[in-house]
Amino acid sequence: MRSGRLRHRVTIQQEATSLNGYGENAGTWSDVATVWAAVEPVSGKEAFSAGQNMATQAVRVVMRYRAGVTPQMRLVSDGITYNIEAVVNRDERNRELELMCVRGQASG
């Protein structure tokens, strides 16, 4: 892997649930690690849902291999949150991970 490609700082986050003051489950996100990665837009689409225009963008994030990264985690880069849809260990060689992510936001 060419390190020059990895020019984005990406924070991997994991959700932890705890009880709030009312006894309800409250999810909070905590940082697991901050790594260098390549963030590459793949496609975009729009759908009309519940009276709102929903724009989503598929993004491929490539980073050095890191054990324990799962689709239950998320990424944050430059204030943008990406939900991890799939984690691919390229060539099963434990050298790099390819994360297929979705960035979504409501407008309207």
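Contact here means that heavy atoms lie within 4.5 Å of each other. With that in hand, welcome to this predicted model.

**The largest nonpolar core**
- The largest nonpolar core has 17 residues, and those touching the most other members are Val61, Met63, Val69, Leu75 and Leu99.
- At least two residues of this core come from each of the strands β1 (8-19), β2 (25-49), β3 (52-64), β5 (80-89) and β6.
- Strand β2 gives the most to this core, supplying 4 residues.
- As background, nonpolar side chains in soluble globular proteins tend to be buried together.

- Val87 counts as partly exposed because its relative accessibility is 29%, which falls between the 20% limit for buried and the 50% limit for exposed.
- Leaving aside residues up to four places away in sequence, Val87 touches Val69, Thr70, Pro71, Leu97, Glu98 and Leu99.
- Between Val87 and Val61 there are 9.6 Å in space, C-alpha to C-alpha, and the two are 26 residues apart in sequence.

- A polar contact of 2.5 Å joins the side chain of Glu96 to the side chain of Arg90.

Notes: Residues numbered from 1 in each chain as written. Predicted model: local features only at pLDDT ≥ 70, side-chain atom pairs only at ≥ 80, totals over all residues. Heavy atoms only, no water. Polar contact = N/O pair within 3.5 Å; in protein donor to acceptor, adjacent residues only side chain to side chain. Core = buried A, V, L, I, M, F, W, Y, C linked by side-chain atoms within 4.5 Å. Buried < 20%, exposed > 50% of the residue type's maximum accessible area, 1.4 Å probe, protein only.
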